Amino acid sequence: QVQLVESGGGLVQPGGSLRLSCAAAGSIFSIRAMGWYRQATGKPRELVATTTSGGTTNYSDSVRGRFTISRDNAKNTVYLQMDSLKPEDTAVYYCNADINSGTYSQDYWGQGTQVTVSS
């Protein structure tokens, strides 16, 4: 069994910064892609950023240049550094990981962490 545990959300003023963390734990043989998605109230879930095990990154146009995704493969952890935050970044942020348990691969999601950008 695998779990993704997120932390780091909260309330921040426009222009501020937050850092999200997501640690994978359980029966893990390898992790391929890891990423962050977000869902604002009344909107569909959307991709924020992803990173492969080799470090290749991909960002949505709305966050490129402001957010940075990184991962620590030794700790099975992915981070999202969010700078220059805007009110439109307000959403529940979800961690995602493509994990091989040794017998099969499966997509896993974290429980979500709220990020609110407001003055």
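User: What makes a charge count as sitting over a ring?

Analyst: A charge sits over a ring if NZ of Lys or CZ of Arg is within 6 Å of the ring centre and within 35 degrees of the ring normal. In this predicted model, the charged end of R45 sits over the ring of W109, 4.6 Å from its centre. That distance is within the 6 Å limit.

User: Which ring does R19 lie over, and at what distance from the ring centre?

Analyst: R19 lies over the face of Y79, with 4.1 Å to the ring centre. This value, too, is within 6 Å.

User: Why are Y37 and W109 called an aromatic pair, and why edge-to-face?

Analyst: Two rings pair if their centres lie within 6.5 Å, and planes over 60 degrees apart count as edge-to-face. A search of the whole structure finds 1 aromatic pair.

User: What does the pair of Y37 and W109 tie together?

Analyst: Y37 belongs to strand 4 (residues 30-39) and W109 to strand 10 (residues 105-109), so the pair links parts that are 72 residues apart in sequence.

User: Why is W109 described as partly exposed?

Analyst: Buried means under 20% relative accessible area and exposed means over 50%. W109 has 38%, so this residue falls in between and is partly exposed.

User: How do you know that C22 and C95 form a disulfide?

Analyst: The cut-off is a pair of cysteine sulfur atoms within 2.5 Å. From C22 to C95 the S to S distance is 2.1 Å, so a disulfide joins the two residues. By this rule the count is 1 disulfide.

User: Why is the disulfide of C22 and C95 called left-handed, and which strands hold its two cysteines?

Analyst: The torsion about the S-S bond is about -80°, so the disulfide is left-handed. C22 lies in strand 3 (residues 18-26) and C95 in strand 9 (residues 91-100), so parts 73 residues apart in sequence are tied together.

User: Are C22 and C95 buried or exposed?

Analyst: C22 has a relative accessible area of 0% and is buried. C95 likewise counts as buried, at 0% relative accessibility.

User: What makes G35 a buried residue, and which residues does G35 touch?

Analyst: G35, located in strand 4, has a relative accessible area of 1%, which is under 20%, so G35 is buried. Not counting residues up to four places away in sequence, G35 touches A49, T50, I69, Y94, C95 and N96.

How values were computed. Residues are numbered from 1 along each chain as its sequence is written. This is a predicted model: local features need pLDDT of at least 70, side-chain atom pairs count only at pLDDT 80 or more; totals for chains, interfaces and linings use all residues. Side-chain values use heavy atoms; hydrogens and water are left out. Rings of Phe, Tyr and Trp (its six-membered ring) pair if their centres lie within 6.5 Å; planes under 30 degrees apart count as stacked, over 60 as edge-to-face and the rest as tilted. Helices (H or I, at least four residues) and strands (E, at least two) are DSSP runs, numbered from the N terminus. Buried means under 20% relative accessible area, exposed over 50%, partly exposed in between (1.4 Å probe, protein chains only). Contact means heavy atoms within 4.5 Å.
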